[in-house]
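Subject: Structure handover and notes

Dear colleague,

I am passing on the structure we spoke about, together with my notes on what was found in it. Please read the notes with the structure open beside them.

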Amino acid sequence: MTQNKTQLDVDADGVLTFLQITDTHLFGKPEGELLGVNTRDSFLAVMGEVAAQKRPIQAVLATGDISQDHSAESYALFAEQMQNLTEPCFWLPGNHDFQPAMNAAFEQAGIAAAKQLVSEYWQVILLDTQVMGVPHGQLSTAQLEMLKAALDEYPDKYALVLLHHHAIPAGCAWLDQHDLKNADELFDLLGQYQQVKGLLCGHIHQEMDQQYDQLRLLATPSTCIQFKPQSDEFALDKKGPGWRYLALLPSGKIDTQVHRLNGAFYSGDADATGY
Ligand SMILES: Nc1ncnc2c1ncn2[C@@H]1O[C@@H]2COP(=O)(O)O[C@H]2[C@H]1O
Ligand SMILES: [Fe+2]
């Protein structure tokens, strides 16, 4: 049993629908830019498009790297946008996040700290893979124990596990050095629980959708800069900022789509070599 658990209602068809927003890399100052992209502008443009889509959701899932500069103001900006929505937001930290400021800002904004979302047919578990000060990720013993306890608690509910870092290579050598270092421990644990249907992450600033044994491994583009897929050297992609909808069905199936803005406006410095 995790200390932070909340119930979520399904829709009339028994479906649990989420919006995933990730890797916003916000700054405290409105003019903050990451490799030539104003990350506040691109985030607000994504949220504007989400509002226009009027897609019914039960909650927002924010999967890390919300701030680029650790500032309280950057988290307050994110929280403000979440408060404009009627649905709750649940979140986990990325390697760039500063958890004391993140916790304080989200608590002040009334954004829940729950890391175990329980519904009629599914549960969603949010993990912390941050290793302070470095880009790669690691699941602590406590995080693995929390995961195991949540899966033991609801053997009859399907499960989707969320984390910031990718657990299998994305195909970019420069980026795959910053993956989840103990992915094997995670897969060993998940292999004991047939009810787990997938992993969902951010971090790689590109889309991933791969089957790995019984698990569907999903990653979602950033709301700001995009990384060029299958590139061993650091390179930006011209694709636009993105977000993902997920529908968790009573059958255990995951329906999901990535949406993107037109890449022309937020493609960043083509010759950037990193940050
Ligand atoms: N040129 C680079 N080579 C290796 N790592 C990089 C480079 N540029 C950025 N990074 C790191 O790789 C990380 C991947 O995405 P993040 O936004 O987590 O933060 C990034 C940086 O910490
Ligand atoms: Fe990251």
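A polar contact, as the term is used below, is a pair of N or O atoms within 3.5 Å, where within protein one atom must be able to donate a hydrogen and the other to accept it, and where residues adjacent in sequence count only if both atoms are side-chain atoms. By that criterion the side chain of threonine 22 makes a polar contact with the side chain of aspartate 23, at 2.7 Å. Please keep in mind throughout that this is a predicted model.

The unreviewed UniProt entry lists Asp65, Asn95, His164 and His203 under "binding site". These residues span 139 residues in sequence, yet no two of their C-alpha atoms are more than 8.4 Å apart, so they gather at one spot. The lining of the largest pocket takes in Asp65, Asn95 and His203 from this set.

Aspartate 65 sits in the loop between strand S5 (59-62) and helix H2 (72-83), while asparagine 95 is in the loop between S6 and H3, so the pair ties together parts that are 30 residues apart in sequence.

How accessible are aspartate 65, asparagine 95 and histidine 203? Aspartate 65 has a relative accessible area of 2% and is therefore buried; asparagine 95, with 10%, is buried, and histidine 203 is buried with 5%.

Asparagine 95 belongs to the loop that runs between strand S6 (89-91) and helix H3 (99-108). Once its neighbours within four places in sequence are left aside, asparagine 95 is in contact with Asp65, Gln130, Val134, Pro135, His164, His165 and His203. Histidine 203 is placed in the loop between strand S10 (196-201) and strand S11 (208-212), and its contacts, again leaving aside neighbours within four places in sequence, include Asp23, Asp65, Asn95, His164, His178 and Phe227. A polar contact of 3.1 Å is also found between the side chains of histidine 203 and histidine 164.

Leaving aside its neighbours within four places in sequence, threonine 22 is in contact with Thr63, Gly64, Gly202, Thr220, Pro221, Ser222 and Thr223.

Threonine 220 lies in the loop between strand S12 (215-219) and strand S13 (242-248) and, at 0% relative accessibility, likewise counts as buried. The side chain of threonine 220 makes a polar contact of 2.4 Å with that of glutamine 20 and another, of 2.6 Å, with that of arginine 244. Beyond its neighbours within four places in sequence, threonine 220 is in contact with residues including Thr22, Leu200, Cys201, Gly202, Gln206 and Trp243.

Tyrosine 193

Tyrosine 193 is located in the loop between helix H6 (183-190) and S10, and is buried, with a relative accessible area of 9%. Not counting residues up to four places away in sequence, tyrosine 193 touches Lys148, Leu151, Asp152 and Gln214, and a polar contact of 3.3 Å joins its side chain to that of lysine 148. The C-alpha atoms of tyrosine 193 and proline 155 are separated by 7.9 Å, although these residues are 38 residues apart along the chain.

Cysteines

How many disulfides does a search of the whole structure find? The search finds zero. For cysteine 89, which is in no disulfide, the nearest cysteine sulfur is that of cysteine 224, 17 Å away; cysteine 89 counts as buried, at 5% relative accessibility. Cysteine 172 is in no disulfide, the nearest cysteine sulfur being that of cysteine 201, 12 Å away, and at 0% relative accessibility cysteine 172 counts as buried.

With best wishes

Definitions and conventions: Residues are numbered from 1 along each chain as its sequence is written. Chains are lettered from A and ligands numbered from 1 in the order in which they are written. This is a predicted model: local features need pLDDT of at least 70, side-chain atom pairs count only at pLDDT 80 or more; totals for chains, interfaces and linings use all residues. Side-chain values use heavy atoms; hydrogens and water are left out. UniProt positions are given in the numbering used here, feature names are shortened, and annotations may be inferred rather than shown by experiment. On a 1 Å grid over the protein atoms alone, a cavity is a set of points where a 1.4 Å probe fits but cannot get out, and a pocket is an open set with protein on both sides within 12 Å along at least five of seven lines; lining residues have an atom within 4 Å of a point. Helices (H or I, at least four residues) and strands (E, at least two) are DSSP runs, numbered from the N terminus. Buried means under 20% relative accessible area, exposed over 50%, partly exposed in between (1.4 Å probe, protein chains only). Contact means heavy atoms within 4.5 Å. A disulfide is a pair of cysteine sulfur atoms within 2.5 Å.
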